[in-house]
Amino acid sequence: VQLQASGGGLVQAGGSLRLSCAASGSIFRLNVMGWYRQAPGKERELVAVVARGGSPTYANSVKGRFTISRDNAKNTVSLQITSLKPEDTAVYYCNGNSTVRTYWGQGTLVTVSS
């Protein structure tokens, strides 16, 4: 499985971005897909995930501002980000989980200026 993320960039506080992740390979193995992020000097943390046919799970810090969507037909998972804050600055990683393995995309940088 390969995951290709895109959509990061520099945005002012209060702005919006849309991150996209395209999966290729043995995608039928991916039960859960989602997004994690890693800010400078911090550990990688869950942002939002969604299981195939399930409801999304969000980090408390992004609830109401971030929306994850999954298109199984197109093998994509997207993250709509609104009301961005400087503390959202991080490298965002697309993630996919099968029953036996975790897959990561290459990361896309989101920088929020105040």
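**Salt bridges and nonpolar core**

D88 and R65 are both buried. The model in which these residues are described is a predicted one. The relative accessible area of D88 is 1%, and because buried means under 20% relative accessible area, D88 falls in that class. The two residues form a salt bridge, in which the closest N and O atoms are 2.7 Å apart. This pair joins distant parts of the chain, with D88 in the loop between β8 and β9 and R65 in the loop between β6 (56-58) and β7 (66-71), 23 residues apart.

D88 also takes part in a salt bridge with R37, where the closest N and O atoms lie 3.0 Å apart. Here too, distant parts of the chain are linked: R37 belongs to strand β4, whereas D88 is in the loop between β8 (76-81) and β9 (90-97), and 51 residues separate them. R37 is counted as buried because its relative accessibility is 6%. A further salt bridge connects R37 with E45, with 2.7 Å between the closest N and O atoms. E45, at 36% relative accessibility, is partly exposed.

In total, the structure contains three salt bridges. R37, E45, R65 and D88 are linked through salt bridges into a network. In general, side chains of opposite charge can pair when their charged atoms come close.

K42 is located in the loop that runs between β4 (32-38) and β5 (45-51). With a relative accessible area of 58%, K42 is exposed, since exposed means over 50%. K42 and T108 are 66 residues apart along the chain, and their C-alpha atoms are separated by 16 Å.

The largest nonpolar core comprises 28 residues, of which L3, W35, V47, L79 and Y92 touch the most other members. Two or more residues of this core come from each of β1 (2-6), β3 (17-24), β4, β5, β7, β8, β9 and β11 (108-113). The largest share, four residues, is supplied by β3. In soluble globular proteins, nonpolar side chains tend to be buried together.

When residues up to four places away in sequence are not counted, L3 touches C21, A22, A23, L30, M33, C94, N95, G96, Y103, W104, G105 and Q106.

How values were computed: Residues are numbered from 1 along each chain as its sequence is written. This is a predicted model: local features need pLDDT of at least 70, side-chain atom pairs count only at pLDDT 80 or more; totals for chains, interfaces and linings use all residues. Side-chain values use heavy atoms; hydrogens and water are left out. Buried means under 20% relative accessible area, exposed over 50%, partly exposed in between (1.4 Å probe, protein chains only). A salt bridge is a side-chain nitrogen of Lys or Arg within 4 Å of a carboxyl oxygen of Asp or Glu. A nonpolar core is a set of buried Ala, Val, Leu, Ile, Met, Phe, Trp, Tyr and Cys residues joined through side-chain atoms within 4.5 Å. Contact means heavy atoms within 4.5 Å.
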